[in-house]
Amino acid sequence: MPASKTKETPTHAEYAQAAALREALRAFQRRTDVVTAANGLTSRTYQLLLMIKTARAGSEQAGLTELEERLQLGKSTVTELVQRSEKRGLVRRELDRNRPGAISIRLTRAGERRLANALAELGDERRRLIKILSKLAAR
């Protein structure tokens with residue numbers, strides 16, 4: 001069903017801003033794909049490791065529910081991603097001491113190392129994206 005036309009037609013400047021945003025995000029994603037592959041990771045695995053390292057509780061371990069929320073992925077997808085990462089020696093699952101019956105995921109040394117290398121290599125690209133986003137937000 002088509003959306004009702006209560007808003008005005010976007011201006012050329014709004015189209016240009018949307019295009020610039022998408023272009024910057026795509027360039028960042030492409031660079032992330034290249035860097036993560038060079039470090040033996042997929043883009044999704046890199047994001048998983050990053051979310052575990054920066055877990056909300058500050059403990060560098062995350063539960064499946066938190067990972068589902070932060071990665072915006074379904075339970076089965078996150079579970080499969082964690083299982084594949086565990087088989088590759090990047091993460092380990094353990095019983096959560098604070099939540100009976102719950103599982104926490106934390107990085108292994110290999111996971112820490114690969115994440116740190118990829119993150120360092122993406123530093124310039126992150127700063128470039130932040131600069132572009134700041135310019136776009138100021139418009």
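Which residue in strand 3 stands opposite Gln61? Keep that in mind while you look at the structure. One caution: this is a predicted model.

Here is the answer. Gln61 stands opposite Arg106 in strand 3. Now the setting. Strand 1 covers residues 61–63, and strand 3 covers residues 103–107. The two pair in the antiparallel sense, over three bridges.

Strand 3 has a partner in strand 2 as well, residues 91–95. Strands 2 and 3 run antiparallel, and five bridges join them. Look at Arg106 again. Arg92 stands opposite Arg106 here. One general point on strands. In a regular strand, side chains alternate between the two faces of the sheet.

On to the helices. Find helix 2, residues 43–53, and helix 4, residues 75–87. Their axes come within 11 Å and cross at roughly 90°. That makes helix 2 roughly perpendicular to helix 4. Which residues make the contact? From helix 2, they are Arg44, Thr45 and Leu48. From helix 4, they are Thr77, Leu81, Val82 and Ser85. By class, that contact has three nonpolar, three polar and one charged residues.

Next, charges. Side chains of opposite charge can pair when their charged atoms come close. How many salt bridges does the model have? The count comes to 10. Let me show you some.

Start in helix 3, residues 64–71. Glu66 and Arg70 both lie there, four residues apart, about one turn of the helix. Their side chains meet in a salt bridge, at 3.5 Å from N to O. Buried or exposed? Glu66 counts as buried, because its relative accessibility is 15% and the cut-off is under 20%. Arg70, at 25%, counts as partly exposed.

Now helix 6, residues 123–138. Arg128 and Glu125 both lie in helix 6, three residues apart, again about one turn. They form a salt bridge, with the closest N and O atoms 3.7 Å apart. Glu125 is buried, with a relative accessible area of 13%. Arg128 is partly exposed, at 39%.

Another pair is Glu86 with Arg93. In this salt bridge the closest N and O atoms are 2.7 Å apart. Glu86 is partly exposed at 26% relative accessible area. Arg93 is partly exposed too, at 39%.

Last stop. Find Lys53, Glu60 and Glu112. These three are linked in a network of salt bridges. Thanks, everyone.

Technical notes. Residues numbered from 1 in each chain as written. Predicted model: local features only at pLDDT ≥ 70, side-chain atom pairs only at ≥ 80, totals over all residues. Heavy atoms only, no water. Pairing = 2+ DSSP bridges. Axes fitted to C-alpha atoms, helices over the stretch in contact; angles between N-to-C directions. Parallel < 35°, antiparallel > 145°, perpendicular 65-115°, else oblique. Contact = heavy atoms within 4.5 Å. Nonpolar A, V, L, I, M, F, W, Y, C, P; charged D, E, K, R; others polar. Salt bridge = Lys/Arg side-chain N within 4 Å of Asp/Glu carboxyl O. Buried < 20%, exposed > 50% of the residue type's maximum accessible area, 1.4 Å probe, protein only.
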